Amino acid sequence: MSAPVTRRPETCLPGDAQGPVLEGVGVPEGLSARVPAEQRGPGRGRDDVRLMVSRGTEVSHHAFRELPGQLRAGDVLVVNTSATLAAAVTGRVGAEGGGESVVVHFSTWGDDGRWAVELRDVDPRGATRPRAGGPGGLVVRLPGGARLVLEEPLVPGAARLWWGRADTAVPALLARYGRPIRYGYTERDQPLAAYQTVFALPSPDGAGSAEMPSAGRPFTAGLVAELVSRGVQFAPLTLHTGVASAEAHEPPYPERFEVPATTAWLVNAAKAGGGRLVAVGTTAVRALESAADEKGVVRAAAGWTDLVVTRTRGVRVVDGLLTGLHEPEASHLLMLEAIAGRTALRRAYTEALRELYLWHEFGDVHLILPEQAPHGAHCLSNSR
């Protein structure tokens, strides 16, 4: 059985039809982080990025190494342990011995062994450009003599992502021939290690994320140790991210996740004790909220989630979020609005632009905290 393909209507809910969250905001091309932080100068490390902190409409600016000072004993950081795959492979379509070169982005591993894939055109600069998927029956010749046959769109009527079946073990194919997915705003290809976070754990079946859960990238082992020494706890979960909609900014598709029983217990205990739950990345929010009931009680859960967090739906468990900076059209901003509120979010992004923060997976990060520690679960009203 494949992953479910139904999605919650993320932009046409009554309380959400208020135009783009960041209407009128534009991000200059020069603010894209083109290389990882550790490559921007001698002696620099992953944690050499900036940290913008929002508490309501109050915004302050810090180095990421100052994160421990922004948290307190009893807070819990919820982190995604999914490892990033070398999910891009070059193949060919068309006549044997020739044909057109394409790049296949392997997105999501279905329960029936198929993969949701995106075909991209090769860009002369080394990145890729969008192209329509399909048609059904299209054969993509892959390295090592393997073949991928496209079968049907992931969502009926959509053209970007297709279910395809390969005649080889895809995790092994990616390990041998794959490279990390790269978009045009980056300067050059990077090794897979540049896309792994300190929290990444390999999955026994070879599953993982098509794109890095990037909010966790600035963490180092030393910073994790300092946070623990200050009484901040870490709660691991897994959500294998699919291929982002880099150009069209579609909402996320169903993704596989797991919230272990130990994490559920820790989260519930922290909430009961007045601790704040801060998700590291939108993927952690999606997984944790998918495992919570209407009262905000988290239970162990595993499977597929099609949850799209919006302002109307609100959040039931998460009190704060550490995340990168998202483009004004990104569907992730609906989730950020649910946590921070529209006014606070617009204030933060105005500050980020004024202070020349860097965007995308190698860029700076944004910590959203409540104005005061909430008690129990909460769901935001339309008055925010």
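Residues are numbered from 1 along each chain as its sequence is written, and side-chain values use heavy atoms, with hydrogens and water left out. Because the model is predicted, local features need pLDDT of at least 70 and side-chain atom pairs count only at pLDDT 80 or more, whereas totals for chains, interfaces and linings use all residues.

The chain contains seven helices and 16 strands, where helices (H or I, at least four residues) and strands (E, at least two) are DSSP runs numbered from the N terminus. Of its 384 residues, 55% count as buried; buried means under 20% relative accessible area, exposed over 50%, and partly exposed in between (1.4 Å probe, protein chains only). Among contacts (heavy atoms within 4.5 Å) between residues at least 6 apart in sequence, 72% join residues at least 24 apart.

Helix α6 covers residues 332-340, and eight of these nine residues are buried, so the helix is largely enclosed by the rest of the structure. The buried residues are L333, L334, M335, L336, E337, A338, I339 and A340, and they pack against α5 (282-290), β15 (320-324), α7 (342-354) and β16 (365-369).

Strand β3 (residues 76-80) is likewise largely enclosed by the rest of the structure, because five of its five residues are buried. In a regular strand the side chains alternate between the two faces of the sheet. In β3, V76, V78 and N80 point one way, L77 and V79 point the other way, and all are buried. Two strands pair if DSSP finds at least two bridges between them. Five bridges join β3 to strand β11 (residues 233-239), with the two strands running parallel, and in β11 the bridge partner of V79 is P236. Strand β3 also pairs in the parallel sense with strand β13 (residues 277-280), over three bridges, and here V76 has L277 as its bridge partner.

The loop between β3 and β4 (88-93) holds T84, which counts as buried because its relative accessibility is 5%. Although T84 and Q196 are 112 residues apart in sequence, their C-alpha atoms are 5.9 Å apart in space. Leaving aside neighbours within four places in sequence, T84 is in contact with L192, Y195, Q196, S209, A210, E211, M212 and P213. By contrast, S229, found in helix α3 (residues 221-229), counts as exposed at 59% relative accessibility. S229 and P68 are 161 residues apart in sequence, and the C-alpha to C-alpha distance is 9.7 Å.

A cavity is defined, on a 1 Å grid over the protein atoms alone, as a set of points where a 1.4 Å probe fits but cannot get out, and its lining residues have an atom within 4 Å of a point. By this rule there are seven cavities of 30 Å³ or more, and the largest cavity has a volume of about 70 Å³, a volume being the space filled by probe spheres set on the points, which are joined across faces, edges and corners. The largest cavity is lined by S107, T108, W109, W115, A207, G208, H240, T241, G242 and R256. Strand β5 (residues 100-109) gives the most to this lining, with three residues.

Definitions and conventions: 1 Å grid on protein atoms, 1.4 Å probe; cavity = no way out; pocket = protein on both sides within 12 Å on 5 of 7 lines; lining within 4 Å.
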